[in-house]
Amino acid sequence: MIRSDVLKELVPVISDQFVVCNIGLPSQELHMLDDQPTNFYMLGTMGLASSIGLGVALAQDKKVISIDGDGSVLTNFGTLPTIANNVADNFILLIIDNGSYGSTGDQPTYAGKKTSLAAVAKACGCETVIECQAEDCADVMREAIAGDKMTIIVCKCESGNIKVPVITKDPVVIRDRFMTAIREANT
Amino acid sequence: MDIDKKIVADFVNNDIELVTTVPCKQLAGVIDEIDACKDIYHIPSNKEDEGIGICAGAFMGGKRSAIIMQNTAIGVTVNTLVTLTQFYRMPLPMLISYRGELKEPVACQVEMAVHTKALLNQLHIPTYHFHQQSDAEELDTILKYTFMCNKPVAILTDATFWGGYGDQ
């Protein structure tokens with residue numbers, strides 16, 4: 001299974017949740033599969049999906065899922081100690097780890113070599129860290145949503161991409177409808 | 001009122017509920033005040049672009065936020081300021097220690113200081129420079145302006161403002 005297969009299986013599980021999605025193909029795939037006001041698509045700024053998601057989670061009570069990639073987490077490694085030390089039990093970080101920089105041509109990442117992101121997350125102090133295979137990701141996510149505990153999921157999958165259109169929505173529209181959905185969910 | 005307390009009081013009066021910080025010794029006092037403030041969630045960041053991401057998330061979650069950092073951070077965060085804060089039109093007060101100005105003891109800090117205002121200008125970021133402590137009387141107005149216009153706004157605070165580095 002490649003990332004788009006993982007996302008396809010995740011859609012029924014996360015469709016009614018608040019999602020902050022990583023730059024590039026992950027956002028484009030989610031946008032194509034299941035565009036929702038509850039999705040915040042990153043159109044720039046590689047690496048910050050987890051930081052943005054943590055900020056949303058700390059600011060309000062509803063559950064927030066950040067969909068990140070191994071390459072992006074490697075770009076913003078400092079995020080893991082910050083997440084570990086600022087526990088938000090309404091926050092789930094899903095790292096889809098295909099061992100490559102998918103959006104830029106599948107160059108290999110260190111996570112696909114010696115570096116274990118699950119082990120790094122644990123070493124940073126994250127208490128609930130689950131590494132799973134792509135086939136199990138939807139079930140693991142379902143349990144994490146039900147669990148009310150800040151959870152880091154590292155989903156191992158194969159590298160590879162499908163053809164997807166770029167997102168042409170205006171960024172302010174993406175941001176505004178996301179904020180409106182959050183405001184309504186919290187009132 | 002003590003300048004650190006005044007800054008934090010202005011934050012609180014403008015409903016800022018989350019502040020992320022990357023330390024600088026000039027900012028140590030205000031960071032302590034932020035940490036002690038019951039009305040503000042203080043979340044230290046490991047790098048400034050991470051902090052700006054957290055602020056963006058907090059804003060979308062319904063809480064006003066701010067970042068406290070050194071001017072070297074302007075070099076670190078250009079992409080984040082442009083493709084996140086500005087592209088999605090988000091407010092972000094940035095209280096910045098303006099290292100490398102008069103009274104600076106460390107030569108390397110001057111290398112970034114000479115680019116700071118030029119970079120902020122190039123990024124079209126409204127910029128205010130606090131040199132005397134009386135300049136901070138405008139902080140409340142600057143914060144209101146930031147949340148009115150949904151832009152990142154820089155408040156540069158130099159060594160003279162903070163009272164220098166002691167005997168040098």
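The expected span of a helix is 1.5 Å times one less than its number of residues, and helices here are DSSP runs of H or I with at least four residues, strands being E runs of at least two, both numbered from the N terminus. Helix 8 of chain A (residues 171-185) has 15 residues, so it should span 21 Å, and its end C-alpha atoms do sit 21 Å apart, in agreement.

Some housekeeping before going on. This is a predicted model, so local features need pLDDT of at least 70 and side-chain atom pairs count only at pLDDT 80 or more, while totals for chains, interfaces and linings use all residues. Residues are numbered from 1 along each chain as its sequence is written, and chains are lettered from A and ligands numbered from 1 in the order in which they are written.

A residue counts as buried if 20 or more other C-beta atoms lie within 10 Å of its own, exposed if 12 or fewer, and partly exposed in between, with C-beta atoms placed from the backbone.

|---|---|---|
| Helix 8 of chain A (residues 171-185) | Pro171(A), Ile174(A), Arg175(A), Phe178(A), Ile182(A) | Val173(A), Thr180(A), Glu184(A) |
| Helix 6 of chain B (residues 139-149) | Leu139(B), Leu143(B), Thr146(B) | Thr141(B), Met148(B), Cys149(B) |

The buried residues of helix 8 of chain A, Pro171(A) and Phe178(A) among them, cover an arc of only 95° around the axis, so they are on the same side of that helix. The arc is taken over the directions from the helix axis to the C-beta atoms. In helix 6 of chain B, Leu139(B), Leu143(B) and Thr146(B) are the buried ones; they fall within an arc of 60° and therefore line one face.

What packs on these faces? For contacts, the cut-off is C-beta atoms, placed from the backbone, within 7 Å. The buried residues of helix 8 of chain A pack against strand 1 (18-21) and strand 2 (39-41) of chain A, together with helix 3 (48-60) of chain B. For helix 6 of chain B, the cover includes helix 1 (3-13), strand 4 (92-97) and strand 6 (152-157) of chain B. Just after that helix, Asn150(B) takes a positive phi of about 55°.

**Zooming in on Phe178(A)**

Phe178(A) lies in helix 8 of chain A. It is buried because 23 other C-beta atoms lie within 10 Å. Leaving aside neighbours within four places in sequence, Phe178(A) is in contact with Pro37(A), Thr38(A), Phe40(A) and Met60(B).

**Where the chains meet**

The contact takes 28 residues from chain A and 25 residues from chain B. On the chain A side, helix 3 (49-59), helix 5 (79-85) and helix 8 each give two or more residues, and helix 3 of chain A gives the most, with eight. By class, that side has 14 nonpolar, 12 polar and two charged residues.

**Strand 1 of chain B**

Over in chain B, strand 1 (residues 16-21) is mostly covered, with five of its six residues buried. Strand 1 of chain B runs parallel to strand 3 (residues 64-70) of chain B, joined by five bridges; strands pair when DSSP finds at least two bridges between them. Thr21(B) has Ile68(B) as its bridge partner in strand 3 of chain B.

Definitions and conventions: Two residues are in contact if their C-beta atoms, placed from the backbone, lie within 7 Å. Ala, Val, Leu, Ile, Met, Phe, Trp, Tyr, Cys and Pro count as nonpolar, Asp, Glu, Lys and Arg as charged, and the others, Gly among them, as polar.
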